[in-house]
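Trainee: I have just opened this one and would like to walk through it with you. Could we take it piece by piece?

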Amino acid sequence: MQRIIGMKSELDRYVIARVREKRLEQGVSQRAIAFTIGRSASFVGQVESDRFTTKYTVHQLYLIAKDLGCSPAEFFPPLDDPRFENEE
């Protein structure tokens, strides 16, 4: 069974980590991502922190991918990754 920490599942944490990794690879700040999705920099900080339950929406992930010049699929694990098979 998928372990959930706070209100972020392992899959949530994976996606958030991939967004952060892509963001940092390109030298994009939290403030720039916040501008892209129409939220505050503190919102992005909360998303990237395990202390908060804040997560990106699918629409926000789409906008971030567009801004970073990648596919939203790059934020997600392969479909055959066994770590995420039993998430509810």
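Trainee: To get my bearings, where is R23 found?

Mentor: R23 is found in helix 1, where helices (H or I, at least four residues) and strands (E, at least two) are DSSP runs, numbered from the N terminus. Before we go on, keep in mind that this is a predicted model, in which local features need pLDDT of at least 70 and side-chain atom pairs count only at pLDDT 80 or more, while totals for chains, interfaces and linings use all residues. Residues are numbered from 1 along each chain as its sequence is written, and side-chain values use heavy atoms, with hydrogens and water left out.

Trainee: Is R23 buried or exposed?

Mentor: R23 counts as buried, at 5% relative accessibility; buried means under 20% relative accessible area, exposed over 50%, and partly exposed in between, with a 1.4 Å probe and protein chains only.

Trainee: And which residues does R23 touch?

Mentor: Leaving aside residues up to four places away in sequence, R23 touches V28, S29, Q30, I33, E48 and L68, a contact being heavy atoms within 4.5 Å. R23 is also linked with R20 and E48 in a network of salt bridges, each salt bridge being a side-chain nitrogen of Lys or Arg within 4 Å of a carboxyl oxygen of Asp or Glu.

Trainee: How many salt bridges does the structure hold?

Mentor: The structure holds seven salt bridges. One of them joins the side chains of E48 and R20, at 3.4 Å from N to O, and this pair links distant parts of the chain, with E48 in helix 3 and R20 in helix 1, 28 residues apart. E48 is buried, with a relative accessible area of 19%, whereas R20 counts as partly exposed at 40%.

Trainee: What does K22 form a salt bridge with?

Mentor: K22 pairs with E74, and their closest N and O atoms are 2.6 Å apart. K22 is buried, with a relative accessible area of 13%, while E74 counts as partly exposed at 31%.

Trainee: What about D50, which residue does it form a salt bridge with?

Mentor: D50 forms a salt bridge with R13, the closest N and O atoms being 3.8 Å apart. D50 lies in the loop between helix 3 and helix 4 and R13 in helix 1, so the two tie together parts 37 residues apart in sequence. D50 is exposed, with a relative accessible area of 54%, and R13 is partly exposed at 30%.

Trainee: Changing topic, which residues of helix 4 are buried?

Mentor: In helix 4, which covers residues 58–68, the buried ones are Q60, L61, I64, A65 and L68. Seen down the axis of helix 4, these buried residues fall within an arc of 135°, so they line one face of the helix; the arc is that of the directions from the helix axis to the C-beta atoms. The face turned away from that buried side carries the exposed residues H59 and K66.

Trainee: What do the buried residues of helix 4 pack against?

Mentor: They pack against helix 1 (10–25), helix 2 (30–37) and helix 3 (41–48).

Trainee: At what angle do helix 1 and helix 4 pack?

Mentor: Helix 1 and helix 4 pack at an angle of about 25°, with their axes 11 Å apart; axes are lines fitted to C-alpha atoms, for helices over the stretch in contact, and angles run from 0 to 180 degrees between N-to-C directions. Helix 1 and helix 4 are therefore roughly parallel to each other, given that angles under 35 degrees count as roughly parallel, over 145 as roughly antiparallel, 65 to 115 as roughly perpendicular and the rest as oblique. In this packing, V15, V19, K22 and R23 in helix 1 meet L61, I64 and L68 in helix 4.

Trainee: And at what angle do helix 2 and helix 4 cross?

Mentor: The axes of helix 2 and helix 4 cross at roughly 120° and come within 9 Å. The contact is made by I33, T36 and I37 of helix 2 and by Q60, L63, I64, D67 and L68 of helix 4. Helix 2 and helix 4 are therefore oblique to each other.

Trainee: Last one, what follows helix 4?

Mentor: Helix 4 is followed by G69, whose phi is positive, near 70°.
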